[in-house]
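Here is a short report on one protein model. It covers strand pairing, aromatic contacts and nonpolar packing.

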Amino acid sequence: MPTLLSPRDVLFDGEAAPVALPVCDHYAGSEKLMHKSLALQAELGPVFDITFDCEDGALVGDAHAHVELAARLITSDDNRFGRVGLRVHDLSHCAFADDLDTVVRIAGHRLAYVMFPKWRGLADARACLEALDTCVKRYGVQRPIPAHGLIETHGALAEVFAIAALPEVESLSFGLMDFVSAHRGAIGDDAMRSPGQFEHPLVRRAKLEIAAACHAYGKVPSHNVTTDFGDPHRTRLDAERAAREFGYTRMWSIHPSQVRAIVQALTPALADVEYAGKILLQAQAAHWGPIATTDASGARLHDRASYRYYWSVLQQGARAGLTLPAEFHALLKV
């Protein structure tokens, strides 16, 4: 009997499969909030990432102690799933080099990713990636550490496709408030919240460009925060709109109450995941050739183009912790 082939091996024509990440990126700046975030992740499982924030989280003059604290928490037993990253200061900041050196030295073997803020363009992105690679080699880390970037300047937006093409980059986030501020009053502050953030043409263009660039190169587009953190329903509505209209598959959280709202909004319906799994199992049995199915909508033909779509849906459901049949999990592990 022929060996069953994995979707990873047959659906992407020799190219790397698209990056798959949890749908929520939760930010924690203070020591208290870091511990709370780790406890919530232990409770819910690895359905969301945590980013320890050394850019906005550190007090003035306390940057080194702050990054050292964050790095040691990343190596602690409280980091149960290895899904904790760290945001460093921006490239021009005096603490940038020390942030990067300290976290890689202490926690490089467990660090999920580094988030780099305020890239002014492709040159900044390359400089940050080179600095990260230097630290990885200096401390003998035996794996590449992925990079995430924050697109919040005119220059970065202008070169976002080139930035997304960099192989070390696995996710790009939209920095809404800095982007609006960079227009010096030409965009009103109502564009920093809903519904304005989804309706102003310049903001819509930025969101669409970032999402399109990420999808073009198999990277993960991550949507900005909902600043009204006291209203989880608002957060869920924003996440749903970001996904439905703009193609975002991940979103920032700044309050624990937002985590569940984002995960729920960006997790596909169980019925859709089960349908995807059934299609993929039939495709695998047919050695990934075309298949025909019949459902409520009638007869349908499926081939590798639709298999790639259903593979993404199945992965999203599994990462969100949905209860799935054993054969679906086996398919994911092949």
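## Barrel

Aspartate 25 stands opposite tryptophan 252 in S8. The model is predicted. Strand S1 covers residues 24-28 and strand S8 covers residues 250-253. These two strands pair in the parallel sense, over 3 bridges.

The S1 and S8 strands belong to a closed barrel of 8 strands. Its order is S1-S2-S3-S4-S5-S6-S7-S8, with parallel pairing. From one strand to the next, the twist averages 30 degrees.

## Aromatic pairs

How many aromatic pairs does a search of the whole structure find? There are 8. One of them joins tyrosine 27 and tryptophan 252. The ring centres are 4.0 Å apart and the planes meet at 20 degrees. Planes under 30 degrees apart count as stacked, so this pair is stacked. Tyrosine 27 sits in strand S1 and tryptophan 252 in strand S8. The pair links distant parts of the chain, 225 residues apart. Both residues are buried.

Tryptophan 288 and tyrosine 307 form another aromatic pair, and this one is edge-to-face. The distance is 5.7 Å centre to centre, with 70 degrees between the planes. Tryptophan 288 lies in the loop between helix H13 (270-285) and strand S9 (291-295). Tyrosine 307 is in helix H14 (residues 304-319), so the pair ties together parts that are 19 residues apart in sequence.

## Cluster and charge

Phe96, Phe116 and Trp119 make up one aromatic cluster. Elsewhere, a charged side chain meets a ring. Lysine 207 lies over the face of phenylalanine 246, at 5.9 Å from the ring centre.

## Nonpolar cores

In soluble globular proteins, nonpolar side chains tend to be buried together. The largest nonpolar core here has 71 residues. Which members touch the most others? They are Phe52, Leu86, Val103, Phe116, Trp119, Leu172 and Ile210. Phe116 and Trp119 are also in the aromatic cluster. Helix H5 (residues 122-138) supplies the largest share of this core, 7 residues.

Phenylalanine 52 touches residues including Ala28, Met34, Leu38, Ala70 and Leu73, not counting those up to four places away in sequence. Ile74, Val84, Gly85, Leu86 and Arg87 are also among its contacts. A second core is separate and has 19 residues. Its members include Ile291, Leu314, Leu324 and Leu331.

Note on methods. Residues numbered from 1 in each chain as written. Predicted model: local features only at pLDDT ≥ 70, side-chain atom pairs only at ≥ 80, totals over all residues. Heavy atoms only, no water. Core = buried A, V, L, I, M, F, W, Y, C linked by side-chain atoms within 4.5 Å. Buried < 20%, exposed > 50% of the residue type's maximum accessible area, 1.4 Å probe, protein only. Helix = DSSP H or I, 4+ residues; strand = E, 2+ residues; numbered from the N terminus. Contact = heavy atoms within 4.5 Å. Pairing = 2+ DSSP bridges. Axes fitted to C-alpha atoms, helices over the stretch in contact; angles between N-to-C directions. Phe/Tyr/Trp six-rings, centres within 6.5 Å; stacked < 30°, edge-to-face > 60°. Lys NZ or Arg CZ within 6 Å of the ring centre and 35° of its normal.
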